[in-house]
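Please look over the sequence and the model below before reading on.

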Amino acid sequence: MTAPVKLAVLGAGLIGKRHIEHVTREPDAVLSAVVDPTPAGEAIAREAGVQWFASFADMIAVDRPDGIIVATPNQIHVKNGLEAIEAGIPALIEKPIADDIASGERMIAAAQAKGVPILTGHHRRHNPMMRKAKDIIDSGRLGRVLVVNAMFWLFKPDDYFDIDWRRQAGAGPVFLNLIHDIDNLRYLFGNITAVQARESNAVRGNAVEETAVILIEFENGVLATASVSDAVVAPWSWEMTTGENPVYPKADEACYVIGGTHGSLVIPSLDVWRNPAKRSWWEPFEKERVEYEPQDPLVLQIRQFCKVIRGEEQPLVSGLEGLQTLKVIDAVKRSAKSAERVLVS
């Protein structure tokens, strides 16, 4: 029987605590340490019954895990990643993989040079529903996919913005939320080549956007629209429609609609709409709901990380994939600022 993989979690904030909980319940893994300089981090380590360290350097001097999960603030993702690479330890780094493109490229290059696996925490790719959706699209059942509409509409309450950094540039729904949707779309349809975006902060007036609309061009010719807002009361978002995270209320609505020449697909319900005979706007529709087995994608992500560490699989979401998604978000922000179409580098 294979021994459990030793994992340390860096960062004991909201997502860090979820990783800690999942690692402690995972038979393939054992939580070896919590690394977080705060008293809260020390308390969480004590509660989990594992070692606590204030920094990666403190940990590596005492104990060497098989892998680390980086859930620290965005600004130190690259620092933590480079520490892991230097030590030869595989790392699963929460999104965004870096807070700027150049730093992300430097980290990925270092990982490739040393042969150290770096994964990005775009966990939604592990969701069985998403994998089933990709199977439907790739099978040709929809014909040639031409158009996609993606929505992230919800309302973040006023007290969410009591924390200062959430009112500042870089903390809006484009960087914090749309990045997940962009990664989902890249997973389903491939590389994005260009974007054109507009932003608004008309309601709260903070330094950061609260609403944005984006035109997206894919390498394969698919065209998409994405609209995001954290200032509207609405159920049309991944959070509100998938039931993936139980803290959000679930609505039987759609967050993505995908249109092809022979049929259309709704996510997350996986309803496929087709004309049963002749394709025509005068013909009736048939609707089929494709079944799948729901599983927690955070659990599946940790299991896959363990397999990557053991050399049994390649990363589903590599560091390079995370960097490519970040480049799209960077292009969105540059387009919104310039009011021009921007090519994705």
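## Two helices side by side

In this predicted model, helices α5 and α10 are roughly antiparallel to each other, and this follows because an angle over 145 degrees counts as roughly antiparallel, while the axes of α5 (residues 101-114) and α10 (residues 319-338) cross at roughly 170°. Two packed helices are described by the angle between their axes and the distance between the axes. As for that distance, the axes of α5 and α10 come within 10 Å, and the crossing in which α5 passes α10 is left-handed. On the side of α5, the residues that make the contact are I101, G104, E105, I108 and Q112, and on the side of α10 they are G319, L320, L323, L326, K327 and D330. Sorted by class, the contact of α5 with α10 has five nonpolar residues, three polar ones and three charged ones.

## The whole protein

The protein has ten helices and 15 strands. Its radius of gyration is 21 Å, close to the 20 Å that the globule rule gives for 345 residues, so the protein is as compact as a globular protein of that length. Taken along the principal axes, the box that the C-alpha atoms fill is roughly 70 × 50 × 40 Å. Of the 345 residues, 51% count as buried, and among the contacts between residues at least 6 apart in sequence, 65% join residues at least 24 apart.

Most residues other than glycine have a negative phi, and most peptide bonds are trans.

| Cis peptide bond | Omega |
|---|---|
| K95 and P96 | about -10° |
| I267 and P268 | about 20° |

Is L270 buried or exposed? With a relative accessible area of 0%, L270 is buried, because buried means under 20% relative accessible area.

A positive phi is also found in A339, a residue other than glycine, where the value is near 60°. A339 lies in the loop between α10 and β15 (342-343), and with a relative accessible area of 38% A339 is partly exposed.

Terms used. Residues are numbered from 1 along each chain as its sequence is written. This is a predicted model: local features need pLDDT of at least 70, side-chain atom pairs count only at pLDDT 80 or more; totals for chains, interfaces and linings use all residues. Side-chain values use heavy atoms; hydrogens and water are left out. Axes are lines fitted to C-alpha atoms, for helices over the stretch in contact, and angles run from 0 to 180 degrees between N-to-C directions. Helices (H or I, at least four residues) and strands (E, at least two) are DSSP runs, numbered from the N terminus. Angles under 35 degrees count as roughly parallel, over 145 as roughly antiparallel, 65 to 115 as roughly perpendicular and the rest as oblique. A crossing is left-handed if the near helix is turned anticlockwise from the far one by less than a right angle, and right-handed if clockwise. Contact means heavy atoms within 4.5 Å. Ala, Val, Leu, Ile, Met, Phe, Trp, Tyr, Cys and Pro count as nonpolar, Asp, Glu, Lys and Arg as charged, and the others, Gly among them, as polar. The radius of gyration is taken over C-alpha atoms; the globule rule is 2.2 Å times the number of residues to the power 0.38. Buried means under 20% relative accessible area, exposed over 50%, partly exposed in between (1.4 Å probe, protein chains only).
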